[in-house]
Amino acid sequence: MFFLRRRLFKGGYDFRSLEGGDYGDLIERTELPDKVIIPLKQGFSAETDCLVVKGERVRAGQIIGRDDHTWSSPVHASINGVVEHFETFIEGNEAHYGVVIRRDHSDERGYVPLPGAGSADKSPDEIGDLLYLAGVTALGPSGIPSSHHTSDLDLKDVKFLVVNGLSGEPFSLPQEKLLYGREKEFMTGLQLIMRLLRLEDNVHIVLKKGLNKCLNTESLPGGVKLHFTQNRYPFDMAEIVTEIATGLPVPDGGTPSETGSVVVTIQDVIHAYEAVVLGKPLIERVLAVGGPAVVKPRLMKVPVGTPMDWLLAGNLKDSIEARILVGGGMRGEPVESIGHPVERNFLAISILEENRDREFLSFLTPGFSLLSTSRVYLSNFFIRLTRHAETNLQGERRPCIYCSYCEDLCPRGLVPHLYSRQVRYGFAEEALKFGIEACIECGLCSFACPSKLPLLEDIKEGKSLIEESGQWSHHIGLKKLEEEGKL
Ligand code: SF4
Ligand code: SF4
């Protein structure tokens with residue numbers, strides 16, 4: 001079934017022609033690393049109980065972390081080897097634990113198959129069990145519901161399935177490239193997830209405009225609608241893609257699961273196929289590794305747990321101080337250490353050049369290649385020229401000049417400059433009257449601001465202050481489950 005729908009959302013930005021963002025079509029399957037670090041918590045999952053001890057021999061695909069009593073999905077060894085030691089690493093503000101496995105060079109590409117897998121002819125409960133055992137249920141912003149504790153959305157409350165094929169964020173994984181040559185696997189994976197969720201319609205696939213030939217619409221299962229939309233950032237954020245697909249707005253400060261939507265990516269659907277039909281646990285992931293600080297932007301299929309320093313070896317530009325982000329160039333989180341492992345839900349690693357220089361009267365610089373939405377740089381007039389993203393603010397913070405670029409770009413139609421002032425002058429709670437809670441934290445306002453005001457930082461601070469005052473709560477997902485005493 002073919003369904004073409006165009007929705008124009010306010011704002012958004014087309015990050016085209018970025019240096020380090022041209023991936024080509026090839027997905028390289030890397031060699032196996034000599035060691036992997038398997039975090040016991042990955043994706044939408046609480047930390048699992050460690051099932052292995054130091055010195056134990058493990059095989060790729062073996063479950064090494066599992067806890068059936070918490071909202072979690074099992075984690076697996078991704079290579080054959082020996083448990084060398086356990087490691088603590090910092091993610092956000094939390095300490096996480098990882099199992100370090102040293103490769104033993106035996107049966108290199110094999111894996112322990114999932115019991116009972118082997119065909120697509122499975123009941124909904126069997127599919128749920130297999131996706132749980134494979135760790136696939138930890139994917140998506142709120143996990144994939146099953147009869148195990150895998151999502152904050154109950155199976156009975158699922159109304160929509162949304163497959164997000166957009167990639168508007170700088171350096172993010174071009175999802176459609178995973179479809180090339182794997183269309184049948186995608187279709188089977190989609191049917192399996194639909195059967196698990198008991199959905200015969202209300203299934204949506206959102207792709208960027210111009211990809212009409214990417215999927216054979218004749219072979220789409222009934223009840224599936226295709227949407228083509230602009231690939232502008234942040235339309236690829238789960239909150240917005242859900243609205244594009246279902247027409248239902250995600251509640252302010254909430255997640256798509258609050259509209260009854262399960263959101264997955266094209267890659268997640270292929271993982272579902274691999275788990276049920278091939279019996280393959282989620283031990284490998286395709287990542288985009290790009291940004292102006294890499295020698296060559298690459299699409300790489302890597303074992304989960306691969307340390308980033310191994311992955312990036314030889315591909316970082318010399319004599320550049322790099323900032324490594326997990327995720328795309330707008331919302332990616334900087335890693336504490338270059339040895340941080342790849343996790344099963346990662347989609348991209350973006351590497352920017354760290355630039356601490358202050359430029360005198362930078363706003364007068366013509367800047368043919370610098371990235372900006374304002375009229376400060378000439379690059380804005382020549383969008384086909386390759387543009388350069390880096391960490392420098394390109395100048396000093398200056399007063400707000402009421403240019404309204406931040407408003408123009410905001411996909412939620414908000415007033416970022418107002419919130420920033422309210423927070424900085426001690427009236428954060430006033431921002432609640434003007435809709436601050438609707439902010440999805442895409443960061444476009446900060447990016448657009450020619451005065452380089454830290455608008456997103458101010459908004460985040462404002463939200464925390466409002467939350468502390470008890471006037472609003474945006475505790476969702478795992479945090480909500482924790483508060484309800486379910487973890
Ligand atoms: S960070 Fe929030 S306020 Fe800023 S553009 Fe995005 S949604 Fe709008
Ligand atoms: S973009 Fe910056 S300078 Fe312009 S109105 Fe917004 S906060 Fe003020």
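Entry 1: I began with S2 and found five bridges joining it to strand S8 (residues 94–103), the two running antiparallel. I take helices (H or I, at least four residues) and strands (E, at least two) as DSSP runs, numbered from the N terminus. Val-36 has Ile-101 as its bridge partner in S8. I then traced the open sheet of four strands, which has the order S2-S8-S7-S4 with antiparallel pairing; two strands pair if DSSP finds at least two bridges between them. Strand S2 (35–39) and strand S4 (57–58) are the edge strands, each pairing on one side only.

**Entry 2: basis.** I note that the model is predicted: local features need pLDDT of at least 70 and side-chain atom pairs count only at pLDDT 80 or more, while totals for chains, interfaces and linings use all residues. Residues are numbered from 1 along each chain as its sequence is written, and chains are lettered from A and ligands numbered from 1 in the order in which they are written.

**Entry 3: strand S13.** I checked burial along S13 (residues 284–290) and found seven of its seven residues buried (20 or more other C-beta atoms within 10 Å of the residue's own, C-beta atoms being placed from the backbone). In a regular strand the side chains alternate between the two faces of the sheet. Here Glu-284, Val-286, Ala-288 and Gly-290 lie on one side and Arg-285, Leu-287 and Val-289 on the other, and both faces are covered. S13 runs antiparallel to strand S14 (residues 298–303), with six bridges, and Leu-287 stands opposite Met-300 in S14. S13 runs parallel to strand S17 (residues 348–353), with three bridges, and Val-289 is paired there with Ile-349.

**Entry 4: the core.** I looked up the largest nonpolar core, which has 122 residues; such a core is a set of buried Ala, Val, Leu, Ile, Met, Phe, Trp, Tyr and Cys residues joined through C-beta atoms within 7 Å. Leu-131, Ile-193, Val-241, Val-269 and Leu-287 have the most contacts inside this core. Helix H4 (residues 266–278) gives the most to it, with seven residues.

**Entry 5: the ligands.** I counted 16 residues around ligand 1, the closest being Cys-410, Cys-439, Cys-442, Leu-444 and Cys-445 (C-beta atom, placed from the backbone, within 6 Å). H9 gives the most to this shell, with three residues. Around ligand 2 I counted 14 residues, the closest being Cys-400, Cys-403, Cys-406, His-417 and Cys-449.

Definitions and conventions: A residue is buried if 20 or more other C-beta atoms lie within 10 Å of its own, exposed if 12 or fewer, and partly exposed in between; C-beta atoms are placed from the backbone.
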